[in-house]
Amino acid sequence: MTSEIAITDPPLSPAMLDRLVLHWRRDAPTLGTGAHLRRRQGHSLKFRDYRAWQRGDDIRNVDWRASLRQSRREDLLLRSFEAEERLALAIVLDNRPAMALPEAMPRLLYALWAARALVALALDKGHEVFLAKLCAGPGETVVTLRGAGAKARARIWCETLWRQRSEASDGFANCDRILQKLRPAGAVVLVSDMLFDDPERQMPRFAQLAQRRQRSLSVLQLDSVRHEIGLLRAAQKFHLSLPGQEPGNEMHLFDETVMLTATHAIADHLQELRHALHAGGLDWPQEPVIWPEAETCVAAVALERLKTHFAQSFPRLPMHAGLNLGGRG
Amino acid sequence: MIWTAVPVVLAAAAVLLWHMQKPRPPHIAVSFVRFVPALPPAPGGWSRIALTIPRDPLTLGCLLAAAALCLWTLFDAERSYQATRPDHLGLRVIFDRSHSMSAADGGETRFARAFARLEAALVALGNAGAVGQCVEVIGVAGAIGAAQLMQPGSSPQAETLAPLPQGGDPALLVAAAARPQGECALTHVLVLTDIAQPGGAPADGPPWGWDQIGAPLGNSGLRSLDFRPAAFGQTSSEIRIEGVSSGQIPPARLRLEGPGGLQDLNVIPDPDAEGRWSALATYIGAGDYRASLLGGDGYAGDDVVLARLDRPTGALAEWRLDTLARPAALEAGGPDAPLVTQNDRVAPDDLSRPILITYPGFEAGLSGRAIGPFRDDAVLFAALNFDALEPVLPLPMPGVLPPGFVPVLTDDQGGTIIARRAQPFGLILPQPRLDLPDPQRSLSLALFFAGLADLLTLPPEPQPLRWVTTDEIEVSDAWRESLTARPAAVPADLTVFSKTSAAEEAMPVWPWAVLAALALILAERMLRLARRAERIL
């Protein structure tokens with residue numbers, strides 16, 4: 001079953017996945033000894049720094065050649081090594097019905113591909129990964145992935161989320177439970193269009209909690225507003241419908257002014273949200289992942305365009321503050 | 001036809017309306033709808049049909065062109081049908097009833113085969129769908145029979161067309177086919193015969209179908225029997241029998257049965273004419289003769305001939321010469337026999353029969369005259385030496401030459417020494433003289449006997465023959481049927497009846513129009529499939 005190609009399999013070649021490496025902030029919380037090198041002194045083979053020998057240090061770590069270059073012979077230099085520690089990564093996916101839009105190039109699919117790629121990268125380094133849904137819906141809200149079979153579970157979880165995308169609600173899931181799971185995590189990645197309606201301000205509270213204890217919150221924003229406006233412009237006359245709801249009979253005419261107003265409203269909303277989420281560890285780049293222009297093309301071609309867009313944009317994601325992707329370590 | 005066209009027109013209109021439909025406004029769901037203020041409603045609602053450029057002009061063009069081609073096909077097919085369906089079919093069947101049609105040909109007689117072809121032709125004629133039709137059957141053997149007008153739907157009677165014991169003649173078949181039409185207005189002529197077509201069909205008149213029946217059959221047949229009278233110096237008369245052979249058969253074996261018994265004759269091929277041969281038999285005497293070809297062959301009607309001969313066996317002549325007795329080889333003849341006489345015993349009636357007239361020409365002593373103008377006569381001059389003749393040149397014939405005689409040899413004074421008449425045979429010569437010394441004696445005898453031999457050499461006399469079958473049924477002119485090994489020709493095309501009686505119609509175009517319409521429909525389907533694959537998002 002696992003040999004079959006699933007729709008949520010990220011369209012990245014194995015070579016590309018092999019080239020990608022996760023970079024963590026030096027002060028990210030750890031889960032103890034692991035495969036990831038931290039800028040903390042430890043017992044790995046990677047050189048970290050020189051320091052003066054102190055009583056009690058292992059004499060075997062003295063660098064005698066460097067010590068001879070010291071002005072005083074009694075000043076011995078000790079080589080220190082970086083520590084290998086296991087970190088935790090939490091990936092929160094926005095699974096609102098609106099994420100299934102645009103129909104031909106759904107953002108949820110991009111989000112699932114990104115999540116599966118991040119899971120693979122983290123698991124390959126021996127880290128622990130949490131996959132969580134932002135909004136309530138059928139299936140497991142949070143799944144913990146570690147050890148053997150973690151990738152397969154991640155695949156099943158993502159496939160289930162994709163199949164049940166129309167059954168999700170707009171309301172947030174139980175954030176406390178997510179936070180409990182997130183407690184030992186070093187970094188949180190939120191994949192969303194950030195256009196959700198949050199009258200109870202659950203997202204700012206969640207973000208502040210996620211940024212506690214030197215943890216970081218990276219936002220991978222998926223922006224398809226211009227793409228969808230392009231679809232409306234091409235149709236000129238259309239029945240406008242809400243995501244996941246039956247369309248009404250009222251027919252509308254495209255209006256550039258109205259769309260400009262909507263664009264401004266979205267910008268204001270994002271500005272306000274960015275301000276509300278900021279708590280020291282927020283990594284929300286100014287440039288989101290922008291959807292390509294709408295084109296009239298075959299459905300299969302549109303899906304290929306989305307795959308190409310993912311393959312080109314994902315390795316260059318501007319997630320620099322807490323979590324870096326791309327390049328070899 | 002108009003009711004057939006109506007559905008096509010309605011279908012074309014429906015196709016046009018279908019393609020004039022405007023696409024329904026799409027239902028579009030956007031993720032940021034909660035940020036979108038109220039959009040202006042579309043004015044005037046939405047109508048299904050619009051007089052605008054069709055949304056898929058290529059497929060519409062294919063379907064409309066296909067519909068137009070179908071309409072055109074309907075009209076063109078109607079025209080073609082009317083053009084190819086004859087209003088009237090008139091068939092004249094020339095049925096060969098000659099005796100060779102009774103020849104067995106692969107287990108079936110040629111007559112049976114021809115009759116089956118006649119029935120097939122009548123069936124094809126009935127299936128042609130003509131409004132009116134008539135069939136005229138003419139049997140031809142030794143003569144052209146009466147035309148039988150057949151009622152539509154009736155079958156021909158085999159007895160009325162059975163072979164007759166008569167030899168056929170291709171010219172009679174052609175003449176019968178070309179006879180002016182009678183009650184039946186002719187559109188086609190069909191000749192059913194075992195004879196090859198002599199030449200092509202006439203340029204004018206209805207088209208002919210020459211249906212040659214039967215496979216080639218090797219055959220030998222008796223063609224003629226001549227009586228060759230005995231000539232001077234020949235002891236008896238002869239019978240010469242001629243025959244023909246055709247095809248791959250063994251050499252003929254001929255037997256002659258006459259008053260003197262049976263004679264098996266040697267057949268001698270004619271080196272100058274392939275397939276012809278002859279045989280010579282001794283004429284025994286007057287009586288009935290029966291010549292028979294032994295062994296079977298393709299046609300039996302020409303294998304036996306009967307002839308009655310009443311001619312004498314030897315040469316005859318009426319002799320009125322005093323200077324020379326009648327030779328022993330000559331029998332004394334009557335008024336019908338050639339006459340050998342002196343010029344002073346010629347009666348006026350004698351000039352109407354073959355005659356040799358002598359006159360006293362040779363004399364003793366030298367003549368003193370020279371040979372004058374003469375015309376070459378191989379028979380007379382073959383045994384004559386002019387150098388020996390000129391010194392003793394005979395006297396010219398006294399008096400005027402009888403009517404019809406022309407000089408052959410004259411002296412230098414214009415006197416006629418030898419004269420000849422062509423028809424009936426006649427010669428005027430100097431008398432033979434036994435009483436003169438040589439060379440007058442020898443010259444006179446040589447000249448006389450050369451003329452006498454020429455007088456008594458009569459041409460062969462063709463004898464009237466009767467051909468009989470083994471059943472003793474007499475077949476007139478059976479020799480005309482002998483060439484049964486003629487090459488077989490291609491059977492006539494009986495499908496011509498389903499075509500127009502006028503000129504050949506060109507192939508109708510409407511099947512191509514149907515094909516083009518189908519191709520257009522296929523193209524429309526392919527375009528629509530392509531559009532479906534390229535569904536606009």
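What percentage of the 329 residues of chain A count as buried? You will find the answer in the legend to the first view, and please keep in mind throughout that this is a predicted model.

**View 1. Chain A and its helices and strands.** Start by getting to know chain A, which contains 9 helices and 12 strands. Of its 329 residues, 36% count as buried. Now look at contacts in chain A between residues with a separation of 6 or more: 81% of them involve residues 24 or more positions apart.

**View 2. Where chain A touches chain B.** Here 36 residues from chain A and 23 residues from chain B make up the contact. On the chain B side, strand β1 (residues 27–29) gives the largest share, with 3 residues. Sorted by class, that side of chain B has 18 nonpolar residues, along with 3 charged and 2 polar ones.

View 3. To find your place, look for A:His239, which stands opposite B:His27 in β1(B).

**View 4. Helix α3 of chain B and its neighbours.** This helix covers residues 110–127, 18 residues in total. From its first C-alpha to its last it reaches 26 Å, close to the 26 Å expected at 1.5 Å a residue. Among the buried residues of α3(B) are B:Arg110, B:Phe111, B:Arg113, B:Leu118 and B:Leu125. The strands of chain B that the buried residues of α3(B) pack against include β2 (88–96), β5 (132–140) and β7 (188–193).

Technical notes: Residues numbered from 1 in each chain as written. Chains lettered and ligands numbered in written order. Predicted model: local features only at pLDDT ≥ 70, side-chain atom pairs only at ≥ 80, totals over all residues. Helix = DSSP H or I, 4+ residues; strand = E, 2+ residues; numbered from the N terminus. Buried ≥ 20, exposed ≤ 12 C-beta atoms within 10 Å, placed from the backbone. Contact = placed C-beta atoms within 7 Å. Nonpolar A, V, L, I, M, F, W, Y, C, P; charged D, E, K, R; others polar. Pairing = 2+ DSSP bridges. Expected span 1.5 Å × (residues − 1).
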